Every structure is written in C-alpha cells, then in structure tokens.
There are 2 protein chains.
Amino acid sequence: MSTPPAGPARWDKGAGRVIAATRILELRGVRYSNPGRARDGEFTVIAVPDWVNVLALTPDLRLVLVRQFRFGIDDFSLEIPGGMIDSGEDPIAAAVRELREETGFEGRNARLIGSVHPNPAIQNNRCHIVLVEHAERRAATDWDDDEEIEVTTAPVDEVLEWARSGRITHSLVLCALLYFEGYRRGKAG
Amino acid sequence: MSTPPAGPARWDKGAGRVIAATRILELRGVRYSNPGRARDGEFTVIAVPDWVNVLALTPDLRLVLVRQFRFGIDDFSLEIPGGMIDSGEDPIAAAVRELREETGFEGRNARLIGSVHPNPAIQNNRCHIVLVEHAERRAATDWDDDEEIEVTTAPVDEVLEWARSGRITHSLVLCALLYFEGYRRGKAG
C-alpha cells in the first residue's frame with residue numbers, strides 16, 4: 001500500500017555566500033537541502049532591502065505619478081513614487097520621505113494597506129504599499145544625483161484603467177493599484 | 001525668463017559587462033550616460049529570460065494553484081503555474097507547457113491577456129499572462145529535479161479575495177489576477 005503524497009517539504013537552509021555585490025543588491029548562493037528527497041544544492045537569491053510604493057491621493061482624488069528613465073528596461077516607465085527603505089526605517093516613514101524627495105508632495109493619514117513579495121522564488125524582500133491622503137505639493141524635490149523625474153497627477157480612476165490597458169507596466173505599481181481598489185471597496189462597503 | 005523644464009532625458013546605453021552569472025540570471029553592469037546632465041555611470045541590471053504565468057480555469061470556474069517552497073523568501077508561497085520561457089519559445093506555448101509540467105492540467109483557448117515588467121528599474125524582462133480555459137487534469141506532472149509542487153484548485157472569486165487579503169503575496173501572480181478581473185469585466189460589459 002502506498003502512503004498518500006505528503007505536501008511539499010520545507011527545505012533546510014544552509015550556508016550562504018556572496019557571489020557579487022552592487023550598490024543596490026547582493027547576489028547570493030544559498031545552500032538548501034531536502035533530506036526527505038536526498039537532494040541538496042546551491043540556489044540563487046537576490047538580497048535587497050524592503051521597498052515601499054506610495055499611493056498619494058490629492059484632495060480632488062488625483063494620484064501622484066512619476067515618469068522616469070529606467071535602466072532595467074532601457075526605457076521610460078510611468079510609476080507611483082517609491083524606493084528602498086533605509087535600514088531600521090519604518091515603511092510608512094520611508095513612504096513619506098520618498099514621496100517628498102521624489103515629488104515634493106506631502107499629505108496626511110499615511111497608512112500601510114498591503115505588502116507583497118516582488119519575487120518569492122529568487123528575491124528575499126517585500127514591497128510595502130502605503131496610502132497617503134490630502135497630498136499637496138509643499139516641498140522642494142530632493143533627487144538623487146542620477147534621478148530625473150517628471151511628476152504628474154491623473155484622476156485615480158483613469159490610473160486604474162491604465163493598470164489594465166498596458167500604459168502602466170511596473171508589476172509593483174500594479175500591485176499597489178490592486179490593493180487600492182480593495183481598500184476603497186472595503187471603505188465603501 | 002527661465003525655460004520650462006524639459007521632461008526627463010533618455011540615457012544613452014554604453015557597454016555592459018557580466019558581473020556574475022548563475023543558472024537562472026546574469027548580473028550585469030551597464031554603462032549609461034546622460035550628456036545633457038554631463039553624468040555617466042555603471043548601473044546594475046538583472047538579465048533574465050521573459051517569464052510566463054498561467055491563469056488556468058476549470059470548467060466549473062476554479063483556478064489551478066500551485067504551492068511550493070521558495071528559496072528567495074525561505075518559505076512556502078501560493079501561486080499560479082508559470083516559469084521561464086525557453087529561448088525562441090512563444091509565450092502561449094510556454095504557458096501551456098508549464099501548466100502541463102507543473103500540474104498535469106491541459107485546457108483550451110490559451111490566449112495572452114497582458115504583459116508586465118517585473119521590475120523596470122533593475123530587471124530587463126517581461127512576464128506574460130496567459131489565460132487557459134476548460135482546464136482539466138489530463139497528463140502526468142513532469143517536475144524539474146528540485147521541484148515539489150502541491151497542486152490545488154479554488155473558486156476564482158475566492159482567489160481574487162486572497163489577492164487582496166495577503167494570502168497570495170507573489171507580485172506577478174497578483175498582476176495576473178488584476179488582468180483577469182479586467183478581462184472578465186470586459187467580456188461581461
């Protein structure tokens with residue numbers, strides 16, 4: 001008689017080594033073993049800090065957007081503000097900081113409405129989604145040396161359409177918009 | 001009189017070098033220059049093949065799900081089937097192949113309903129979203145050596161709730177569900 005198949009087993013984490021390190025990430029090889037299947041090996045893990053994305057809503061329900069040249073795709077990308085959370089920094093504080101630095105906007109009632117894993121298979125971090133209301137342009141921008149950002153706003157319902165029509169393609173921005181729809185629906189219900 | 005601010009400039013791509021290569025990705029340093037701002041530098045780019053994720057709907061509108069241990073987050077993750085597109089392979093063919101290999105399910109009317117960029121800032125690839133209907137378990141699974149997958153199905157409306165409640169956290173799976181909602185709405189409208 002055969003035993004029914006058990007669920008997939010947790011692999012045991014072993015030693016890791018840094019394969020390469022750049023300013024924004026560490027490429028690691030991490031050993032894992034699965035005793036039940038007598039298998040082990042080294043697996044690639046991209047180690048990065050947690051990230052945050054900011055849904056900043058103006059008083060007239062427009063969403064603050066940023067458009068910038070992105071080296072990964074060698075092209076421009078329309079996104080919401082966001083960035084890396086500093087070591088020890090609170091996700092909400094990071095959101096407020098990134099929003100101000102990238103766009104000059106400041107708002108109220110900043111709150112976390114969701115968190116996702118950019119890529120559980122090969123990347124160790126999370127990306128938090130922070131909603132800021134009553135956002136208005138109050139500060140000067142403070143870009144990094146290589147940042148050059150076009151700041152715009154658009155009606156939030158239009159942006160939600162762009163999420164499904166292919167005008168916005170950044171997966172983490174799409175996740176923020178997915179969470180925003182759920183949040184708004186919950187508030188309305 | 002000051003000139004109105006121009007939009008952000010396109011950076012000029014220069015030479016690239018491979019910093020490190022693993023089985024699944026290449027870490028590259030790519031030189032970019034921005035003549036208008038007299039800046040240049042080397043930027044990190046993760047080079048990976050395009051990926052595909054599959055929304056496989058059964059005749060009774062359940063979605064095929066896979067649960068597996070993921071080395072990136074050192075934990076289990078509930079996802080839809082998917083994987084890397086082979087060199088020269090069509091995204092739809094890759095979707096049908098990954099669905100069969102990972103779950104044993106086969107269906108009809110496979111079609112592309114969207115494409116996203118996993119991370120425009122640092123990663124060069126796209127992830128395509130393929131919808132398959134009338135999916136039924138017809139084949140044996142064919143897992144890679146280190147794959148061990150729990151295959152389940154759940155009502156698609158329940159899965160859409162899980163996308164916003166934090167039970168599903170994989171950003172690319174969430175993007176597929178976002179596109180599915182838009183697709184279904186368009187069919188109904």
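Predicted model: local features only at pLDDT ≥ 70, side-chain atom pairs only at ≥ 80, totals over all residues.
Residues are numbered from 1 along each chain as its sequence is written, chains are lettered from A in the order in which they are written, and side-chain values use heavy atoms, without hydrogens and water.

Chain A first. It has 3 helices and 10 strands, taken as DSSP runs (helices H or I, at least four residues; strands E, at least two) numbered from the N terminus. Their order from the N terminus is β-β-β-β-β-β-β-α-β-β-β-α-α. Along the principal axes, the C-alpha atoms of chain A fill a box of roughly 65 × 45 × 30 Å.

Now to chain B. How do helix 2 and helix 3 of chain B cross? The axes of helix 2 (residues 156–165) and helix 3 (residues 171–188) come within 10 Å and cross at roughly 130 degrees; axes are lines fitted to C-alpha atoms over the stretch in contact, with angles running from 0 to 180 degrees between N-to-C directions. Helix 2 of chain B and helix 3 of chain B are therefore oblique to each other.

Who touches whom? Contact means heavy atoms within 4.5 Å. On helix 2 of chain B, the residues in contact include V156(B), L160(B) and R164(B), and on helix 3 of chain B they include L174(B), F180(B) and R184(B).

Methods: Parallel < 35°, antiparallel > 145°, perpendicular 65-115°, else oblique.
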